[in-house]
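Visitor: I should like to learn how to read a protein model, one feature at a time. May we begin with what lies inside and what lies outside?

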Amino acid sequence: MDKKKVNKEHKRLEALLDRAEVPQQQRDVLAPVIDNMAWQRVKLDEAREQMQDASIVCHYDNGGGQEGERENPIFKAYINLWRGYLAGIE
């Protein structure tokens with residue numbers, strides 16, 4: 001994880017709060033949300049780069065005679081991270 005990117009995103013989110021003139025008391029309450037959102041944004045960007053050439057489905061073999069195709073778990077993880085990010089924005 002690139003801490004510089006997280007710090008840059010954190011500053012961008014703080015600037016949004018500045019422009020919206022959010023009072024300091026509310027900023028204090030939002031601090032953990034902003035921290036998490038900055039981290040999530042960087043993770044989303046990293047995941048998107050890793051997923052660029054990935055197939056949406058992947059082969060599986062559970063070793064017990066069952067095998068087939070399933071949704072690639074990286075896409076499920078990305079969707080969950082995206083939903084958490086959107087919840088933070090709300």
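Visitor: Which residues of α2 are buried?

Guide: Buried means under 20% relative accessible area, exposed means over 50%, and partly exposed lies in between (1.4 Å probe, protein chains only). In α2, the buried residues are Arg-27, Ile-34, Met-37, Ala-38, Gln-40, Val-42, Leu-44, Ala-47 and Met-51. Please note that this is a predicted model, in which local features need pLDDT of at least 70 and side-chain atom pairs count only at pLDDT 80 or more, while totals for chains, interfaces and linings use all residues. Residues are numbered from 1 along each chain as its sequence is written, and side-chain values use heavy atoms, with hydrogens and water left out.

Visitor: What do the buried residues of α2 pack against?

Guide: They pack against α1 and α3. Contact here means heavy atoms within 4.5 Å. Helices (H or I, at least four residues) and strands (E, at least two) are DSSP runs, numbered from the N terminus.

Visitor: How does the span of α2 compare with what its residues should give?

Guide: The expected span of a helix is 1.5 Å times one less than its number of residues. The 28 residues of α2 should therefore span 40 Å, and its end C-alpha atoms are 39 Å apart, which agrees.

Visitor: Where in α2 does a kink lie?

Guide: The bend at a residue is the angle between axes fitted to the seven residues ending there and the seven starting there. In α2, a kink of about 50° lies at Leu-30, shortly before the proline Pro-32.

Visitor: How many salt bridges does a search of the whole structure find?

Guide: Side chains of opposite charge can pair when their charged atoms come close. A salt bridge is a side-chain nitrogen of Lys or Arg within 4 Å of a carboxyl oxygen of Asp or Glu. The search finds seven. One of them joins Asp-18 to Arg-27, with the closest N and O atoms 2.6 Å apart. Asp-18 is partly exposed, because its relative accessible area is 47%, whereas Arg-27 counts as buried because its value is 14%.

Visitor: Which residue forms a salt bridge with Lys-43?

Guide: The partner is Glu-46, and the closest N and O atoms are 3.7 Å apart. Both residues lie in helix α2 (residues 24-51), three residues apart, about one turn of the helix. Salt bridges that share partners also join Glu-9, Arg-12, Arg-41, Asp-45 and Arg-48 into one network.

Visitor: Is Asn-72 buried or exposed?

Guide: Asn-72 is buried, since its relative accessible area is 13%. Its place is in the loop between β2 (67-71) and α3. Leaving aside neighbours within four places in sequence, Asn-72 is in contact with Ala-54, Ser-55, Ile-56, Val-57 and Cys-58.

Visitor: Which residues form a nonpolar patch on the surface?

Guide: Patches are made of residues with over 30% relative accessible area and no salt bridge: like charges are joined within 9 Å, nonpolar side chains (Val, Leu, Ile, Met, Phe, Trp, Tyr) within 5 Å. Accessible areas come from the Shrake-Rupley method with a 1.4 Å probe; for residues, only the protein chains shown count as cover. Here Trp-82, Leu-86 and Ile-89 form such a patch, with about 270 Å² of accessible area together. Leu-86 belongs to helix α3 (residues 73-89) and is partly exposed, because its relative accessible area is 33%.
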